[in-house]
Amino acid sequence: KNLTTIGGIKMKFIFFSLFFLLMLLCSSTECTHPHPLDPLTPSELNLVRTIIHKSYQTSTKHTNLTFQYVGLHEPDKHVIQSWISSKTKTIPPPPRQAFVIARFQKQSLEITVDFPTLSIISTKIYKGHGYPMLTFDEQIIASQLPFTFEPFKHSLNKRGLNISHVLCSTFTVGWFGEEKTKRTLKIKCYYMNGSANFYMRPLEGVAAVVDLDEMKIVGYSDKHVVPVPKGEGTEYRASKMKPPFGPKLKGITVDQHDGPGFTIQGHSISWANWVFHLGFDIRAGPIISLASIYDLAKQKYREVLYKGFISEVFVTYQDPTEEWYYTSYFDCGEFGFGQSMSSLQPFNDCPANAVFIDAYYSGSDGIPVMISNAFCIFEKYAGDIMWRHTEIGIPNEVINEVRSDVSLIVRAVSTVGNYDYVIDWEFKPSGSIKLGVGLTGILEVKAGTYTNTDQTKDDMYGTLLADNTIGVYHDHFITYYLDLDIDGEANSFVKANLEKVTVKDQKTPRKSYWTVVKETAKTENDARVNIGLKASELVVVNPNKKTKLGNTIGYRLVPGSVVHPLLVSDDYPQIRSAFTNYNVWVTPYNKSEKWAGGLYVDHSRGDDTLAVWNLRDREIENKDIVLWYTMGFHHVPSQEDFPVMPTLSGGFELRPTNFFESNPVLKTKSPEPMNCPNCTSQHYYG
């Protein structure tokens, strides 16, 4: 903009003064970027805010600009690879840029900010369906609106409830065929009155609709009066527990007398035979990049994973009634897995030998928000066995060879409303990467009139957990983005099908056996897989490289918690989450295809999802490809999940398959035992 007025000159002076101050701040180590994939720093987030506010002046609530998403605008993949391959590192890191989605004058803006030139280099107004990720600030403001809304006060008085004990929360409403949608949320409320576990005490039948752009209530319903579940037995805070307690668990000391076995430089981590980069995104949470493993036989690091993260988490509830039918969530695209990350508690969330890393994201006003202890990294000594064998077949000799296992864990926890997701990336010396998700927290329940299952007449769409408390059936689908580069970018996807063969040779008493028939996917359609329908191993291979024995090198997917959607394909939640139709998809690498549910998920219509991109049926053989894997849970709540849920865990593994010439941990030694005179094995004799 041309700033020709005196006011404009003042604004220009203020801007450059702020810029100079930020540059002084950026002289610290925080603003040196040894790695181009490092997440945006607080100083960079402040720069984004300053640069954008310079171009978009705000004065009223209708012209207010809010930052819905601010993340690293990554350099192109080939640029990153060129920078990494420079052995002398004389090539400077690629220029830093930020990608921003902002709301301004009821429109969604896509803005790219260039840090070297301190300028906006591109701006686009989004015209498609859907809205950007919600911010915490707008959810908080929206959730307070009912308290000054007279019909809501009347609803509370009708139920004899004290408004000072009421708390409200926000719920996305999805899309159910409407031609036009506004940016709205539902507000539902709960009663505390002595218990912090308000999720177990819903005010059933009462809901408000809020227009987020106008920030006002535009709809309200009070359908029926249902008893509010009692607060007794819902408390989960340790300070509020009363005896009897149990079971009593004894502690254990993990003492690494030589210090941790890993090193952290910025966001780059080196441990045992692994190196990788740990990033952060306000939407995805943890991002693992550039994971390579050292091959002892080849005396070099070999590429495994260019980038991996949780692309989307789809949660849908199975109650079709008027008050609940819309209850389906996209925890990454609507609420932000990154901004929902919790500060990890030492000694409980993570063991004593853990090292913690903070994370930063941009608040709705552009001001950086810190999540302290957002990640923990630790070596896990769990008594696992890396490999072993006992041999008694040799005369006069017994061989016992055992190697104890140690692995490196990168952990984060995202708390999206009532649910807590424990996210683990586990690196093993054998070359495996295990990815785990633990579900815990508090169930989403509805209030009912039942106090015993004998009273039920109709389907209550859930399990009776306590008096007047129904845990509604629901699903969790967790979709991972896995850009595997197995010893290079050019990879293929192979289905090694286990097929039954009938024996026709009369010389053997066997009538059948199974063998492996390999099928290389040529295009995207060939690579769609619903796991469990056919016996097969799924392998990403590098067709251009083989072992000395002639086997194609690769990594295979070892599935864990496999679920398939049970909704009909034209049900609106399933249209929006069509990326869950298959457990496995494979696409050619495309920098813009990151989010399985689309870039704009709130009120989305399913027209920008992984399932839609896949319809192009692009070639994927011997290409730079991305593996998308969906794991999950069909959750039928039980009384053990009340009032807080013990962790339900699932996961999967990426495991080397003919990647090495032989067992890569054959020569790995077990960790040396500490000098501990009191640490003796205990023997019990029956």
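Where does Val 228 lie? I looked and found Val 228 in the loop between β8 (216-222) and β9 (262-265). I note at the start that this is a predicted model.

**Entry 1: around Val 228**

I checked the reach of Val 228 across the sequence. Arg 201 sits 27 residues away along the chain, yet the two C-alpha atoms are 5.9 Å apart in space. I then listed contacts, leaving out neighbours within four places in sequence. Val 228 touches Leu 161, Tyr 191, Arg 201, Pro 202 and Leu 203. So Arg 201 turns up in the contact list too, because contact is set at heavy atoms within 4.5 Å.

**Entry 2: Asp 281**

Next I went to strand β11 (residues 274-281), where Asp 281 is found. Which side chain of opposite charge is nearest to Asp 281? I found Lys 594, at 5.2 Å. Asp 281 is buried and has no salt bridge.

I looked for polar partners instead. The side chain of Asp 281 makes a polar contact with the side chain of Tyr 69, at 2.5 Å. A polar atom of the Asp 281 side chain also lies 2.8 Å from the backbone nitrogen of Arg 283. Beyond four places in sequence, Asp 281 is in contact with Tyr 69, Gly 71, Ile 287, Gly 338 and Trp 595.

**Entry 3: salt bridges**

How many salt bridges are there by the distance rule? I get a count of 32. I looked at several of them.

Glu 44 and Arg 96 meet through their side chains at 2.8 Å, N to O. Glu 44 belongs to helix α2 (residues 42-55), and Arg 96 to the loop between α3 (77-85) and β2 (97-104), so this pair ties together parts that are 52 residues apart in sequence. Are the two partners buried or exposed? Glu 44 is buried, at 4% relative accessibility. Arg 96 is buried as well, at 8%.

Glu 235 and Arg 237 form a salt bridge, again at 2.8 Å, N to O. Glu 235 is buried, with a relative accessible area of 16%, whereas Arg 237 is partly exposed at 32%.

Asp 487 and Arg 302 pair at 2.9 Å, N to O. Asp 487 lies in the loop between β25 (474-484) and β26 (490-502), and Arg 302 in strand β13 (residues 300-317), so the bridge ties together parts that are 185 residues apart in sequence. Asp 487 is buried at 11% relative accessible area. Arg 302 is buried at 2%.

I also found a network. Salt bridges link Lys 77, Asp 483, Asp 485 and Asp 624.

**Entry 4: a surface patch**

Which residues form a nonpolar patch on the surface? I found Ile 252, Val 254 and Tyr 381. Together they have about 310 Å² of accessible area. I placed Tyr 381 in the loop between β16 (368-380) and β17 (385-391). Tyr 381 is partly exposed, with a relative accessible area of 41%.

**Entry 5: backbone**

I turned to the backbone for its exceptions. Most peptide bonds are trans, and most residues other than glycine have a negative phi.

The bond joining Gly 246 and Pro 247 is cis, with omega about -15°. Pro 247 lies in the loop between β8 and β9. I had already placed Val 228 in that loop. A cis bond also runs from Phe 642 to Pro 643, with omega near 0°. I located Pro 643 in the loop between β31 (623-635) and β32 (645-657).

Then I looked at phi. Asn 193 is not a glycine, yet its phi is positive, about 50°. Asn 193 sits in the loop between β6 (184-191) and β7 (206-211). At 41% relative accessibility, Asn 193 counts as partly exposed. Gln 299 has a positive phi too, near 60°. Where is Gln 299 found? I traced Gln 299 to the loop between β12 (285-295) and β13. Gln 299 counts as exposed, at 53% relative accessibility.

Note on methods:
Residues numbered from 1 in each chain as written. Predicted model: local features only at pLDDT ≥ 70, side-chain atom pairs only at ≥ 80, totals over all residues. Heavy atoms only, no water. Patch = residues over 30% accessible without salt bridge, like charges linked within 9 Å, V, L, I, M, F, W, Y side chains within 5 Å. Areas by Shrake-Rupley, 256 points an atom, 1.4 Å probe, with all protein chains shown as cover. Salt bridge = Lys/Arg side-chain N within 4 Å of Asp/Glu carboxyl O. Helix = DSSP H or I, 4+ residues; strand = E, 2+ residues; numbered from the N terminus. Buried < 20%, exposed > 50% of the residue type's maximum accessible area, 1.4 Å probe, protein only. Lys, Arg positive; Asp, Glu negative; His and termini not counted. Polar contact = N/O pair within 3.5 Å; in protein donor to acceptor, adjacent residues only side chain to side chain.
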